[in-house]
Amino acid sequence: WSLTQFTPATQNLAPITPRERLFASFIVLIALLTFSTFLGKMTSAMTQLLALNARSYKHEVMLRRFLGENKISTKLGQSVWQVFRQQKRKSARQRKIMFAEINEAVAIPQFLQLQLCSELRRE
């Protein structure tokens with residue numbers, strides 16, 4: 001019976017004894033918790049993606065609004081967008097990641113931190 005609850009079509013199976021009803025209720029609760037956890041993780045991941053892209057999106061909206069409000073010609077607007085996209089790609093590639101950012105993101109043991117620092121100083 002518990003497996004039929006996960007199929008799209010309904011089945012004419014139902015628990016009869018109190019033990020079967022208890023088992024069925026337990027399975028439905030487990031399924032509810034599993035689905036809720038999955039849905040929560042998906043929502044969290046989407047929120048993180050939106051937050052990562054929010055700043056870039058804000059700049060795009062500002063530029064689009066500026067071009068529209070000031071009635072900039074299509075040709076000039078395309079040139080400005082091309083420069084904007086090139087700078088965005090360039091800044092994403094060229095920004096050097098600092099040790100403090102890595103140290104904050106990853107709990108690196110102190111002996112490894114010392115080794116990293118000594119190698120960074122050699123460069």
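How many aromatic pairs does the count come to by the rule applied here? Rings of Phe, Tyr and Trp (its six-membered ring) were taken to pair if their centres lie within 6.5 Å, with planes under 30 degrees apart counted as stacked, over 60 as edge-to-face and the rest as tilted. By this rule the count is 1 aromatic pair. The pair consists of Trp81 and Phe84 and is edge-to-face, with 5.5 Å from centre to centre and 90° between the planes.

The structure is a predicted model, in which local features need pLDDT of at least 70 and side-chain atom pairs count only at pLDDT 80 or more, while totals for chains, interfaces and linings use all residues. Residues are numbered from 1 along each chain as its sequence is written, and side-chain values use heavy atoms, with hydrogens and water left out.

The protein chain has 4 helices and 0 strands (DSSP runs numbered from the N terminus, helices being H or I of at least four residues and strands E of at least two). From the N terminus on, the elements run α-α-α-α. The mean pLDDT (the predictor's confidence in each residue, from 0 to 100) of the protein chain is 81, and 85% of its residues reach 70 or more.

Of the 123 residues in the protein chain, 10% are buried; buried means under 20% relative accessible area, exposed over 50%, and partly exposed in between (1.4 Å probe, protein chains only). Trp81 and Phe84 are both buried. These two residues lie in helix 2 (residues 74–94), 3 residues apart, about one turn of the helix.

Helix 1 spans residues 18–69 and has a kink of about 45° centred on Ala54, the bend at a residue being the angle between axes fitted to the seven residues ending there and the seven starting there. Buried positions in helix 1 are Ala24, Ile27, Ala31, Glu60, Leu63 and Leu67. Leu39 also belongs to helix 1 but is partly exposed, with a relative accessible area of 45%. Together with Phe35, Phe38 and Met42, Leu39 makes a nonpolar surface patch of about 420 Å². Such patches are made of residues with over 30% relative accessible area and no salt bridge, like charges being joined within 9 Å and nonpolar side chains (Val, Leu, Ile, Met, Phe, Trp, Tyr) within 5 Å. The accessible areas come from the Shrake-Rupley method with a 1.4 Å probe, and for residues only the protein chains shown count as cover.

A search of the whole structure finds 1 salt bridge (a side-chain nitrogen of Lys or Arg within 4 Å of a carboxyl oxygen of Asp or Glu). This salt bridge joins Arg65 to Glu69, with the closest N and O atoms 2.6 Å apart. Arg65 and Glu69 are 4 residues apart in helix 1, and so are separated by about one helical turn. Arg65 is exposed, with a relative accessible area of 56%.

Lys71 follows helix 1 and is placed in the loop between helix 1 and helix 2. Although not a glycine, Lys71 has a positive phi of about 50°. Lys71 is exposed, its relative accessible area being 71%.
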